[in-house]
Amino acid sequence: MDEQPRLMHSHTGVGMAGHPGLPQHMQEGTGGTDGDGRKQDIGDILQQIMTITDQSLDEAQARKHALNCHRMKPALFNVLCEIKEKTVLSIRGAQEEEPPDPQLMRLDNMLLAEGVSGPEKGGGSAAAAAAAAASGGVGADNSAEHSDYRAKLSQIRQIYHTELEKYEQACNEFTTHVMNLLREQSRTRPISPKEIERMVNIIHRKFSSIQMQLKQSTCEAVMILRSRFLDARRKRRNFNKQATEILNEYFYSHLSNPYPSEEAKEELAKKCAITVAQVSNWFGNKRIRYKKNIGKFQEEANMYAARTAVNAANASSHGTPPLSISHCHIDAPSLS
DNA sequence: TCTTATGATTGGGT
DNA sequence: ACCCAATCATAAGA
């Protein structure tokens, strides 16, 4: 226990006043008497350092060894650690355990939803499905339509993952390095395991803040990609022929009242593999455009009327008339 | 390249 | 909430 003080005061009485290596203001203490005492100690130590010789180095080495091997050393370090722990706790307060950052959670959720941070293939399908629904593409051209989107998304995903891995690796390397360093130092200065843990936490927090930046920029990239590829207006695709025929068939066979009910819209949407909203859009467009130029659509109207008539005839010859076809108007309709 | 067709959006009305 | 009308932006055709 008394080794340390002896070491500190082994060469007492040699003041530091006027020492060439020290700036003047260091010597003119403004603190109280306690500060003066401490400065005196520091002066002693400095003086010792200045007068170190090979011999004294050996001597110090021997002393250090002796100190390390002292039977009371663990106890001393324990006490010192305890004192340190208390001061640290009083300084830092109770803000150790912070709740998970809501913004980080939001970013995580979004990345997961976009299939960037999720499992390799499964996550992507959700975004692809959303893309399909938004663009209104159907069937075969669907996959071709979004292969580009998916390629870009997976590119983002790859960059994200490699970066994340890099950060993680760097974090782990740094953490182990610091831990080793602290463990090494704990032999010569009091460091409690708790302190090491705290240091590790600090490092992790730093790295996770870097990760958050990565996540944020990834999110931005995905949003830009989405807005570019999924803006249906930009990437408008015509409905396929079959869907258009189904819609036209309904329209011309209900020319007197071309307003499908919610249920009818749903059925049409299912048949055409498009959304109900798209069905509504189609009918809205069709009605207005038909009304604007009935003449232009006359041929089309006749064609569909004839076709439905043929269908009806065929169906009735088989004994089962179609449910949906009630009547066919070839004349000008009642749109107004 | 210019024109037309077409799906989606917007704004106003009921 | 639904519709109409105008408009946008792109696809498809000439």
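This briefing covers the nonpolar cores, aromatic pairs and salt bridges of the structure above. The model is predicted: local features need pLDDT of at least 70, side-chain atom pairs count only at pLDDT 80 or more, and totals for chains, interfaces and linings use all residues. Residues are numbered from 1 along each chain as its sequence is written, chains are lettered from A and ligands numbered from 1 in the order in which they are written, and side-chain values use heavy atoms, with hydrogens and water left out.

**Nonpolar cores**

- The largest nonpolar core has 19 residues, and L247, F251, Y252, L268, V279 and F283 touch the most other members. A core here is a set of buried Ala, Val, Leu, Ile, Met, Phe, Trp, Tyr and Cys residues joined through side-chain atoms within 4.5 Å; buried means under 20% relative accessible area, exposed over 50%, and partly exposed in between (1.4 Å probe, protein chains only).
- Helices α10 (241-253), α11 (262-272), α12 (276-292) and α13 (294-317) each supply at least two residues of this core. Helices are DSSP runs of H or I with at least four residues, numbered from the N terminus.
- Six residues, the largest share of this core, come from α10.
- Beyond its neighbours within four places in sequence, L268 is in contact (heavy atoms within 4.5 Å) with I246, L247, Y250, P260, V279 and F283.

**Aromatic pairs**

- The whole structure holds 10 aromatic pairs. Rings of Phe, Tyr and Trp (its six-membered ring) pair if their centres lie within 6.5 Å; planes under 30 degrees apart count as stacked, over 60 as edge-to-face and the rest as tilted.
- F251 and Y252 pair edge-to-face, 5.1 Å centre to centre with 85° between the planes, and both are buried.
- The planes of W282 and F283 lie at 75° with ring centres 5.1 Å apart, so this pair is edge-to-face; both residues are buried.
- Ring pairs join Y250, F251, Y252, W282, F283, Y290, F297 and Y304 into a cluster.

**Salt bridges**

- Nine salt bridges are found in the whole structure, each a side-chain nitrogen of Lys or Arg within 4 Å of a carboxyl oxygen of Asp or Glu.
- R198 and E85 form one, with closest N and O atoms 3.0 Å apart. R198 is in helix α9 (residues 193-230) and E85 in helix α5 (residues 73-92), 113 residues apart; both are buried.
- K215 and D108 meet at 2.8 Å, N to O, linking helix α9 to helix α6 across 107 residues. K215 counts as buried because its relative accessibility is 9%, whereas D108, at 28%, counts as partly exposed.
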